[in-house]
Amino acid sequence: MSPVSNRVLAIGFKTHKNTAKMIRTTFSGSADIRFVFQPLELGEICACEAIILGEDFSFDSESDFEVIRQAVQKGTNLIILGIPEAGLTHNWQELAGATPLNSKPEGEWFLKIQGSSLLTQRLPMEFAAVGTLTPLKLHDGSEPILSATVAFSDQIAAAIKRFPDSTICTIGFRPTSSHSSAHLMAVIRRSATTVTRRSDWKASAPLGVGIIGYGAGGGMGNYHSRAVSEVAGLDLVAVADSDPQRRAAAEAEFPNVHTYRTTEDLAQDSRVGIVIIATPPVSHTGIALAMLDAGKHVIAEKPMCLTSKDAQQLIAKAKAVDRMLSVNQNRRWDRDFRAIAQAVADGKIGELFNIETFVGGFEHPCRAWHSEESVSGGAVFDWGSHHIDWIIQLYGSAPVKVSATQHKRVWHDVTNVDQVRVHMIWEDGREAEFFQSDIAAIRKPKYFIQGSFGTIIGNYRPIIEEKVSLPLGYQEHEYHHAEAPATMKLSRYESECGLIEESLPLAKPQQFAFHNNVANHLLLGEPLAVKPESAAEVIAVLEAAQLSSTTNSEYVPLSEVSC
């Protein structure tokens, strides 16, 4: 469903490895990107949807210019990312429709949106990025898309020039930090899309969203309703819940929403384009299949489903009816996890080989459906859906075999086990463990992650809200321990210094990032962050863990549960 091109060539990044790394990450999962040091033949370039030229490209070569020019005329998009110190020759300036001005030193610059190009839709009007800046003077026929404030005046930082079958995007800003703005990288990615060729493009109307399973009072249906209401491009139009009190609560909190008693009734609402399923896990598969058959895009609350067979059935159905299928793995955007993922990507602790995560304490489990195994799938399917997703994201693949042990010793009024430990092994010997317990009187660290250079540890940081008021006096409220980001420390070994410890700062918050990505995917063709295939890998691990723990199997190969 994404218009992002299948093949992208990047040329001229030999001495700019950080920029190349960011480009590779930006196009990961959405395009087959190749980095080359010399231009290929015209035929090979024309077979690509886009070319990205870096500062190391031979801009002074007339033959290379002619190859690129012909490729653009034949329909290949061109992105010029950063301006070489020698500038651009007259031919390149005429082709790109821009003349570089005096370069500015590397630093943090604030980039502002100019105009209403598709390349900048749904981005903040201003964002910061670290890199080198070369302002541009535009020729007739070029449109500004980004500017930067220099000495209290706005200067053009990026522009687009349209051709009948392609576009040229010239970006006079080259990102140099791996922490550079994701918004700038989105502009670069969109520059390579086929949809940028449409000069008549206009944003679609907001996408109508229906929630199945409202769960008033902090339930996930209520959470999704609030998220949809906050995200531009999404419109909460319907809620379905069999409980009349929950329907009444939805109508009270969201006066414009229409409520239904059954999922079948909601499926008939033509305003609903996206359905979010926030019902207990045992019901996810049946509802999702019905909604896909009704022509709706579908988002399932985690876990996606309870078996790999169901996961593959859902994926096949979504492909057959050409509809989006995703899962609310929203904790991929947790600030502590994102900080860990960035540190790992930056190579701060070397090559990962052991990941351990923990959640729990010593307290009575909730007495809702979450603690009933026949409805929830078992204890491992709750927080395990997030923790195992984190582990797979960090390693980049699912394990080859899984072992799990469980204990049922204290809480006998619920059917979920009191404690479960999941051990995973990868083909090359890397390992990971997820440990969940309702009978752990002293909490383990949330994260313990080892690499070949160092270790990251993240400790829980419970938040207690205190107040004194009359006539009640002193009061306190403790929030769930897993809601606050962990306090993290990174320790690495340096041969001349020994161990060096540092605090690992949290990533910046990204509120409702999952819902924003869904909107960007359906409205702009942005890559879907949570693909159903990745959620299916999590389900395979959870199913294998449940099988291992209930049959006393030492290890269950993932191939036994994966279809």
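Helices H1 and H5 are roughly perpendicular to each other (an angle of 65 to 115 degrees). The model is predicted, so local features need pLDDT of at least 70 and side-chain atom pairs count only at pLDDT 80 or more, while totals for chains, interfaces and linings use all residues. Residues are numbered from 1 along each chain as its sequence is written, and side-chain values use heavy atoms, with hydrogens and water left out.

Select H1 (residues 17–27) and H5 (residues 182–191): they pack at about 70°, and their axes are 10 Å apart. The axes are lines fitted to C-alpha atoms over the stretch in contact, and angles run from 0 to 180 degrees between N-to-C directions. Helices are DSSP runs of H or I with at least four residues, and strands are runs of E with at least two, numbered from the N terminus.

Next, display the side chains of Met22, Ile23, Thr26 and Phe27 in H1, which meet Met185, Ile188 and Arg189 in H5 (contact means heavy atoms within 4.5 Å).

Move to H7 (residues 244–253), where Arg247, Ala249 and Ala250 are buried (under 20% relative accessible area; exposed is over 50% and partly exposed in between, with a 1.4 Å probe and protein chains only). Strand E14 (234–240) and strand E15 (258–260) are among what covers these buried residues. On the face turned away from the buried side, select the exposed residues Pro244, Gln245 and Ala252.

Finally, select Arg461, in the loop between strand E24 (454–459) and strand E25 (464–469). Arg461 is partly exposed, at 35% relative accessible area. Beyond its neighbours within four places in sequence, Arg461 contacts Ala484, Pro485 and Thr487.

Note on methods: Parallel < 35°, antiparallel > 145°, perpendicular 65-115°, else oblique.
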